[in-house]
Amino acid sequence: DASGSDDNDDDDSSHDSLEDFGLDPEEIERRAFVRRRRRAYDADPAAHLRRMRRERDEARRKASTAKATRDKPAQKAAGEAVRTIAEELARYGLTEAALEAVESGEDDEGDEEDAGGWMR
């Protein structure tokens, strides 16, 4: 009985698995990650923007540290994390000014799960 124990994104009832047919597993996971992030933004935009601000600030700190130690791979990874956040903002029709306008908060729920694909 595979009902509910599927390896795919069970909580994405609006997703049609045919959209992912023929794609490599990394692209399927990337698309699922984007859908989860969009749902988080739709559910609570302010909390999601606070999370994105923390992620961006952490990526910038890592980039600064990597530059100081001349660690090119770490610089590249941190730059990609910042770029990914900027792309997500663009999908929502926002700019980095939206992150600056959001108050920093104590909303840490779900951060580890959602940020997993960005900060490796």
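This is a predicted model: local features need pLDDT of at least 70, side-chain atom pairs count only at pLDDT 80 or more; totals for chains, interfaces and linings use all residues.

Student: Ok, which residue does R83 form a salt bridge with?

Tutor: The partner is E80, and the closest N and O atoms of the two are 3.0 Å apart. E80 also counts as partly exposed, with a relative accessibility of 37%.

Student: And where do R83 and E80 sit?

Tutor: Both belong to helix α3, which covers residues 72-91, and they are 3 residues apart there, a separation of about one helical turn. In general, an α-helix has 3.6 residues a turn, so residues three or four places apart point the same way.

Student: How many salt bridges does the structure hold?

Tutor: There are 13 salt bridges in the structure. One of them joins the side chains of R30 and E27, at 2.8 Å from N to O, and these two residues lie 3 residues apart in helix α1, residues 25-43.

Student: What about R37, what does that pair with?

Tutor: R37 forms a salt bridge with E55, where the closest N and O atoms are 2.8 Å apart. Since E55 lies in helix α2 (residues 45-68) and R37 in helix α1, the pair ties together parts that are 18 residues apart in sequence.

Student: Are E55 and R37 buried or exposed?

Tutor: Both E55 and R37 are buried, whereas R30 is partly exposed, with a relative accessible area of 43%.

Student: Which residues are linked in a network of salt bridges?

Tutor: That network links R53, R56, D57, R60, E96 and E100.

Student: Switching topic, how many residues does α1 have?

Tutor: Helix α1 has 19 residues, and the distance from its first C-alpha to its last is 27 Å, close to the 27 Å expected at 1.5 Å a residue. At its start, a side-chain oxygen of D24 comes to within 3.0 Å of the backbone nitrogen of E26. Several residues of α1 are buried, including A32, F33, A40 and Y41.

Student: Last one, how many aromatic pairs are there?

Tutor: A search of the whole structure finds 1 aromatic pair. The ring centres of Y41 and Y92 are 4.1 Å apart and the ring planes are at 10°, so the pair is stacked. Y41 is in helix α1 and Y92 in the loop between α3 and α4 (96-101), so that this pair links distant parts of the chain, 51 residues apart. Both Y41 and Y92 are buried.

Technical notes
Residues are numbered from 1 along each chain as its sequence is written. Side-chain values use heavy atoms; hydrogens and water are left out. A salt bridge is a side-chain nitrogen of Lys or Arg within 4 Å of a carboxyl oxygen of Asp or Glu. Helices (H or I, at least four residues) and strands (E, at least two) are DSSP runs, numbered from the N terminus. Buried means under 20% relative accessible area, exposed over 50%, partly exposed in between (1.4 Å probe, protein chains only). The expected span of a helix is 1.5 Å times one less than its number of residues. A polar contact is a pair of N or O atoms within 3.5 Å; within protein, one must be able to donate a hydrogen and the other to accept it, and residues adjacent in sequence count only if both atoms are side-chain atoms. Rings of Phe, Tyr and Trp (its six-membered ring) pair if their centres lie within 6.5 Å; planes under 30 degrees apart count as stacked, over 60 as edge-to-face and the rest as tilted.
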